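Please examine the structure shown below.

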Amino acid sequence: MSKKGLFIRESSGLIREMGAKHSFGKVLALIVPISAYYTLIYSPALPSANWNIGIVIAAILALPIFFTYLKLAEYIPRSSGEYVYISRILGPIPATVQGIANIFSTPLLAALLSQIEISAGLAPAIQLIGMVTHNYGLLNLGTQMLTNPTFFFMSTAIVLFLMWIVSILPPRHMANFMFVIASLQVIGGILIVGILSQGMKTFEYAFNSISKTSFQTLYSHGLSYYSPLANPLETLIWAILMMMWLFIWFFAPSYFAGEYKKASSSLKLGMVSGYAVAAIIIFGLVFTTEYSMGIPFFNYVSLNGWGSSIPLSASSGYIAWAGIIALSSPTLAIIMAILNLGLQFVAMPLSLAIPSRVMLAMSFDRILPEKLAYVSPRLHTPLLASSIVLAMSMFYEYATQFLGFEVSVIVLIGILFLYQFLLATISALVGGIRGITGVDLKKEERRKLIFYGGLGSAILIMATFFALWYATINSLYASMVIGIPMINYLVIGLIPVAGVITFLTSKFTRKREGIDLELLFKEIPPE
């Protein structure tokens, strides 16, 4: 087979049309600050965790992995992220495992994010606007989204489809959409921090004015889920969960690295600024949550709810928490609701676009059918691969809501830790030791890869172990975090098996076609 015939074509078909602001938007698209609530709700199982220390530890733990991705994206600016790094450094089998993990888990994540969008974004925002404007039609609409299973499914499916439309737009337009929504969320997150920073007396007064059960009663009940004496182990577990849910989601720009102008500088500027802004807002949200309502109240209510006398559900997150205070100022409440209603409007398009880029890269390497490498000349996106991702996400949407298919989000993130992030950091470590084919690395650059890759790998292994192991000694933690163990462990175990089978099948098929699949992985794929 001639060298020219290694790849399906000489160019990926993707266009360089994005810049630093788009990289910034993609980081904020997945590190959604007000998603902090969805990790804080695990707090009742960790009553002795110190939030202030834990949130700082979480941000620090993620940094070595962050810098690993920053360097790999700089040295190998190709779309599809870890797949290219892993395939060109560790080889085709680990890369196929990573690809399969991404293709099957990320559409599931998109489906789960659509459900979070309704329950913590769109529905409570509509409810809040309905309450302050005395529009009971809007209030009822938001309530039906949350309480009627058929209405909830239809809402999530419509949102998922609309975000898929965004995901197949020309990359520049998709990135502009995400930058605008992410910017609104930055403003919205800051506004929530400002509202909650008014303190416990303000929150207590606002809560008591609309609730039949007093703030102090619920706070007193919550003392059984709280210890003022910090426990180092619980603080570490709490920090790991915060890292897994929030701080580790900076990788999105690397999946589109081949679509950036001046990729090295624009990726670096966008990723660093995005991570810094997200971290500052997350710190503010965590600190003001503790300051405005106290950990005992939060822990009790996040576990048991605050009763039905308040139309806004406690499980609706920060729009509901800050909304209680904002009710006294209709204009403020409406502004806050609008700014934050698109909670996952940026994460969903990415969760749908990312696996399509992985399919494109794997088909370029002839592991998947060549048709998946088709890039629409008008949209500049892998349209066929994107359509398959949509079908998978819609199936997951139905299965998770009606077929009892329950996979814990933390377990899902653990899968990405093991088969995506960890393989990427190991790739950096190995690449630093023996070099990367086709990339001229200086001595200092190789040292950085070894340092960040080695430290990042150790952190990922430690984090995954502790996050799963702690379920064996804490039953409340296990029930809240792990979900149904058999389904979760089955998913974790089947992914590498599926990856190995996929590669061996492709290798056998290509050999019959006269193609040596191994030769493809000795070169960086074309731009």
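This is a predicted model: local features need pLDDT of at least 70, side-chain atom pairs count only at pLDDT 80 or more; totals for chains, interfaces and linings use all residues.

Residues are numbered from 1 along each chain as its sequence is written, and side-chain values use heavy atoms, with hydrogens and water left out.

Helix H4 spans residues 82–89, and eight of its eight residues are buried. Helices here are DSSP runs (H or I, at least four residues) numbered from the N terminus; buried means under 20% relative accessible area, exposed over 50%, and partly exposed in between (1.4 Å probe, protein chains only). The buried residues of H4, among them Tyr83 and Arg88, pack against helices including H3 (51–75), H5 (92–133) and H16 (347–364), where contact means heavy atoms within 4.5 Å. Just after H4, glycine 91 has a positive phi of about 120°.

The largest nonpolar core contains 180 residues. Such a core is a set of buried Ala, Val, Leu, Ile, Met, Phe, Trp, Tyr and Cys residues joined through side-chain atoms within 4.5 Å. Phe247, Phe250, Phe297, Trp306 and Tyr477 have the most contacts inside the core. Not counting residues up to four places away in sequence, Trp306 touches residues that include Phe207, Phe297 and Trp321.

Isoleucine 158 is partly exposed, with a relative accessible area of 49%.

Key
Helices (H or I, at least four residues) and strands (E, at least two) are DSSP runs, numbered from the N terminus.
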